[in-house]
Structures are given as structure tokens and as C-alpha cells.
Amino acid sequence: MRMINLQIFSGPIVYAEKTTHCLVKWCLSTPHTALIGMAWCDSTYRFNRYDLVFAPFTGVNNHKSCVTFGAAFLWNEKQESYIWLFKTFLKAMCGVAPKLIITDEDQSMRIGIEHVFPNTIHRLCMWHILMKLTEKVGATLKNSPDFHEQFMSCVWGSETPNEFESKWCSIINDFGLDDNTWLQEKYELRRSWIPAYFTDFHLGGILRTTSRSESENAFFRHFTNRNLALIEFWVRFETALEEQRQKELQEDNVSLHTLPILKTCWSIESHGREVYTHEVFAEFQSQVLAARDYCHVKTITQIGELRTISISSNSGKVRQVSFNTSTKETHYSCRMFESLGIICRHIIVVLKNEGCNEIPSQYVLHRWTKMAARHLAYDANGHELQGSSTCLPPVIKKLYAETCSNFSLALHVAKHSEEKMRYLHKAIGDAYTQLGQEGTVSEQSKVQEFESFVGTSFPTVINIHPPDVAKTKGSGKRLKRGSEQTVTQKKKRAKEHHKNK
């Protein structure tokens, strides 16, 4: 499986290009500026009759749902193909490179990233590494709860490099794994996949992704199959994207016009409900509840404007939180905000004790808010990007995008005041009536609409030749792990035994 996770700034683009490597299509209908993005290039699956590699770039929006930025077909998985793919992706993103890329250990992909995105942070996917763990440690430790508990605590629970290295050495010694070459290789690569080594970068929790790649492939399989010609696949791919966009609009509507139930009387929880989407608020609310139920202030010391608070919790650790009474900035050891983008239970306790009724603005990531997708997007040169999903002239596109953005912002401001809502309701009603009196503009024909979409007139003679069947890594079916192969073999033997009775 070839997976690429991207933290990216993207704009609304529809872009298609055909080269000797194959075909790529980018189709962004809404601006996802400053959202965390994930994308997977999966060579294990084939969704067409030519065995071309289907490589969707999939992101995560402010509802933590998958959003497809675009997709490509590749002839092969050589480094030249990945270099072409990343260059084309960069072109479609108007020159804005990803800030972070998380991939598996594929060398061709790594070379492509270094060539095209030299300033992008590159990390390895923990899911793909941990998925191989049971196969690499031997039959004895494969089913050992004690080993798995200690290993996961080492990988996920270590807060500093020193803590990780100490725990790792203990595991290697206690379980006799000194000669395990696979673990030795992963230890050498620890700075590329262990969270303790990059707590200073906002990852939004994407390292903890366990099944988005499989889920995304299941999503596309719902619309496609292995027998599709390219034009059939293209049409079905568009249908899949429309379903994603519709789901995002529904999630936007729910977050903007409904409120989750509060579980405490704390004002900071109420503020989180106002600014975060429902999905992100659920994570924030769990931290509020943990702060209320499990955290206790042990000591408080102060030097000038810097106040240091010691907090105990059910984990057994005592956390030190430094709080600047002037700037409301905090420094703490668990660094959950840097990893997930929401403040932890320890900071919530400190803010409540300091009488803060709201989350300080520097700790509210715009990408997790209800209004994250309601702002205009810009390319690498600072030029405003316009949506390309509708067949409209550039000037109307710009006005359309600004009107949608202003309407959403106005609705969000007015929804808690009857007077403001009545004013907005009347203004929209008056505008609608006035527009109706001015008459309507004739609509484009279907052919004109498609021609406007692709940017050229349809030819009178069409001569399309299907591509040759590609010879690439993998096969039409997902490659099975060793544990899955063992289960399959057992079932096969049981079936043969039953037939021989």
C-alpha cells in the first residue's frame, strides 16, 4: 500500500493533464484553506480494466471527514512517476507546497518528495509500521498482551526522546529482542515516526490515523469496479466527489445551526461549543470532563508574571504548567495542543482557576472551527483562488464566492439574536424580490455547460484509443498480511477436511 498524508493549504481548482506517465484530475469545489490534509496513493487497488494505479489525494476537513483533493492514474510506481505526480499536484495547488507529508517507507516516493518538496517535513506512517509488528516479533510475542501494552505505551505514551529511548531499551532487553533486525531498523528511523521527536509541529492527530486509507478505498469501491473504462470511471469518480461534498455541506449545516449538549457548567466548555465543529468539540469536551473529574492542583508558585502550577491526574504523573498571567500563554509537558490542535485537561484546569471563561485565541486553531471553510483561499503568490466547480465567468465566480462567505458569516453572527435574524431575513427577502423583478438570464445548454467545464469545444470527430494494461506492483486485490494469510489457509484446510469426510 502506498499512502501519502499531507498537511496542505489548498484552493478550489479543477485541473486535468495527460502526459506519458498517465492522467491526473484535481477537483476542489470549496476552499479548504489551512485545513489538515491527508492523501493516499494506494498501489494495491485497481479500479479500472487497464490495471492503472489509482492514486487519490484525500484530505481531512474541519469535521475530520475525508475530502478528496484530486486523483491520478499512474503507469507504474517508479520514482519518475512520483516526481511527475507531485509536480502536477504542486501545479494544481498553484505552487503551494504541503507543510507536512506522511508516507510509508517506499523509496521511490521518498525520492519524489525530496525532489519536488525539499522544504516539506516528511514523516513515516505509524499505522503501516505497527501493522507489521505482530509478524516481525515472532510467534511467542505475537499474542502477548504484556508485550503489546508495553510497546504501545513506549510508542504513544513517551513525551520526550529520552523517555522513549529508555522504554525502548527496556522492552528490547526484557523480551530478548536484541537480534531482531526489523526492530533495529525502526529504531534507527525513530526520528521519522515516533511522536516524541516532533512535538513542536501541529499534526492534528493524523499520526494516530488507523484506517482512513482502507476506508477511502472502500468509499471509492462503492462507486467503481475493476471492469470500468476510463470514461466510465471518470463519471463515477465525479459522482463519488459529489457525495463527499454533499456530506460536508450537511456537516456544515449541523455545526452552524445546532448545539451539542453541555456536560458541565464551565464557561470554557460553552465557548468551545460555539467555536468548534461538533466532531472537534466532542474531543475538547472529553478533555473538559477529564479536567473536572481527574485533575487536581497540587502546588502554585509565582515569579513575576509567570505562575507555575503542579497538577496531578489519574495517570499518576504530576504535570508542570507554566502560565503567563499577562499574555495567557502556557508551557506544559504533555504538548497535546501541538499534536492534536486542542488544549489538554491540564491547561483547562489552569484557565478555569485563573477565571478565564473562553479559550485564549492563540489556542483556537482556525482549521477546527465552524467557519474554517468560509474564507477565501490564496495561491503561493497571494492571489485569490476562485471556485471552478461552476461554469461561470471569473467576475461572477468572485462575487459568488464572496457572497456565499458573507452570507455564512452574517448568519453565524445573527443566529443568537431575534432582532438581528429578523433584519437579515428581511434584507434577504427584499433582495430576492428585487432580483425576481429584474428577470432571469437564459441557462446554458448541457453541451455548452460541459464545454465550459473542460475549457474547449467538443470535436466533431472523436478518436480515443484505450491505454495498454499496465504492469505495476500489487494486483487487483488487496495484498493480505501474514496474519490474514494464516486465517485463509486454516479455512481452506478446514474446507478440504470437511470434503474428505
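User: Are F164 and Y187 buried or exposed?

Analyst: Burial is read from relative accessible area: under 20% is buried, over 50% is exposed and anything in between is partly exposed, with a 1.4 Å probe and protein chains only. In this predicted model, F164 and Y187 are both buried. Over the protein chain, which has 501 residues, 45% are buried.

User: How many aromatic pairs does a search of the whole structure find?

Analyst: Two rings of Phe, Tyr or Trp (the six-membered ring for Trp) pair if their centres lie within 6.5 Å; planes under 30 degrees apart are stacked, over 60 edge-to-face, and the rest tilted. The search of the whole structure gives 12 aromatic pairs. One of them is stacked: F164 and Y187, with 6.4 Å from centre to centre and 20 degrees between the planes. F164 belongs to helix 7 (residues 161-174) and Y187 to helix 8 (residues 181-188), so this pair ties together parts that are 23 residues apart in sequence.

User: Which residues do ring pairs link into a cluster?

Analyst: The cluster linked by ring pairs consists of F147, F151, F164, W168, F175, Y187 and Y197. F164 and Y187 from the stacked pair are thus members of that cluster.

User: Where does the charged end of R190 sit?

Analyst: A charge counts as over a ring if NZ of Lys or CZ of Arg is within 6 Å of the ring centre and within 35 degrees of the ring normal. The charged end of R190 is placed over the ring of Y187, 4.1 Å from the centre of that ring.

User: Where does K64 lie in the chain?

Analyst: K64 is part of the loop that runs between strand 4 (53-60) and strand 5 (66-74). The phi of K64 is positive, about 60 degrees, although K64 is not a glycine. K328 also has a positive phi, about 65 degrees, and is not a glycine either. The place of K328 is the loop between strand 10 (318-324) and strand 11 (330-331). With a relative accessible area of 31%, K328 is partly exposed.

User: What does the side chain of N61 reach at 2.9 Å?

Analyst: A polar contact is a pair of N or O atoms within 3.5 Å; within protein, one must be able to donate a hydrogen and the other to accept it, and residues adjacent in sequence count only if both atoms are side-chain atoms. The N61 side chain reaches the backbone nitrogen of S65 at 2.9 Å. A polar atom of the N61 side chain also lies 2.9 Å from the backbone nitrogen of H63. N61 is in the loop between strand 4 and strand 5. Its relative accessible area is 1%, so N61 is buried.

User: Is S108 buried or exposed?

Analyst: S108 is at 16% relative accessibility, so it counts as buried. S108 is a residue of helix 2 (residues 107-116). The S108 side chain reaches the backbone oxygen of E77 at 3.4 Å. A contact means heavy atoms within 4.5 Å. Leaving out residues up to four places away in sequence, S108 touches E77, K78, Q79 and Y82.

User: What separates the C-alpha atoms of T58 and A71?

Analyst: T58 and A71 are 13 residues apart along the chain, with 8.5 Å between their C-alpha atoms. T58 is located in strand 4. At 0% relative accessibility, T58 is buried.

User: What is the mean pLDDT of the protein chain?

Analyst: pLDDT is the predictor's confidence in each residue, on a scale from 0 to 100. The protein chain has a mean pLDDT of 77, and 71% of its residues reach 70 or more. Over residues 3-21 the pLDDT stays under 50, and the model has 108 contacts beyond four places in sequence for them. Residues 24-45 are also below 50, with 146 contacts in the model beyond near neighbours in sequence.

User: Which conventions apply to these values?

Analyst: Residues are numbered from 1 along each chain as its sequence is written, and side-chain values use heavy atoms, with hydrogens and water left out. As this is a predicted model, local features need pLDDT of at least 70 and side-chain atom pairs count only at pLDDT 80 or more, while totals for chains, interfaces and linings use all residues.

Conventions: Helices (H or I, at least four residues) and strands (E, at least two) are DSSP runs, numbered from the N terminus.
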